[in-house]
Amino acid sequence: MLSALDRRDRPPEEGPAAGLQGFAVDKTFLSSLKGILLETELYYQRFDRLNWPCLDFLRCISAIIIFLVVSFAAVTSRDGAAIAAFVFGIILVSVFAYDAFKIYRTDIVPRATQGDQQ
């Protein structure tokens, strides 16, 4: 089996596919954490027809609903840990509500006013 040093010392191959060897997909890199993150970033950039701020806003709203339901379900047992879970859930709801508000103010409202002016 040839090592990377042996392949580097060989002269380059001739033919039409020889120039494309630098563009070969490295499956070990794509399965690594950095490769997955870069692939996800490219996946995000390819779908320009999706309204990403709207999807982010809906993610926040769904998280608010889920945490509210779970928090109120946890507080029904009246345990000390359940009350702590309720308080933590309410804190998370407030963080997600603030995030949804900021997304709405910075991303969704300016797009709506730009659409009205055109």
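Helices (H or I, at least four residues) and strands (E, at least two) are DSSP runs, numbered from the N terminus. The model is predicted: local features need pLDDT of at least 70, side-chain atom pairs count only at pLDDT 80 or more, and totals for chains, interfaces and linings use all residues. Residues are numbered from 1 along each chain as its sequence is written, and side-chain values use heavy atoms, with hydrogens and water left out.

The structure holds 2 salt bridges, a salt bridge being a side-chain nitrogen of Lys or Arg within 4 Å of a carboxyl oxygen of Asp or Glu.

| Salt bridge | N to O distance |
|---|---|
| Asp-56 and Arg-59 | 2.6 Å |
| Arg-59 and Asp-99 | 3.3 Å |

Arg-59 lies in helix H4 and Asp-99 in helix H5, so their pair ties together parts 40 residues apart in sequence. Through shared partners, the salt bridges join Asp-56, Arg-59 and Asp-99 into one network. Asp-56 and Arg-59 both belong to helix H4, 3 residues apart, about one turn of the helix.

Accessibility is classed by relative accessible area (buried under 20%, exposed over 50%, partly exposed in between; 1.4 Å probe, protein chains only). Asp-56 is partly exposed at 29%, Arg-59 is partly exposed at 37%, and Asp-99 is partly exposed at 27%.

A search of the whole structure finds 3 aromatic pairs. Rings of Phe, Tyr and Trp (its six-membered ring) pair if their centres lie within 6.5 Å; planes under 30 degrees apart count as stacked, over 60 as edge-to-face and the rest as tilted. The rings of Phe-67 and Phe-96 are stacked, because their centres are 5.8 Å apart and their planes at 20°. This pair links distant parts of the chain, with Phe-67 in helix H4 (residues 52–74) and Phe-96 in helix H5 (residues 80–117), 29 residues apart. Phe-67 is partly exposed at 28% relative accessibility, whereas Phe-96 is buried at 19%.
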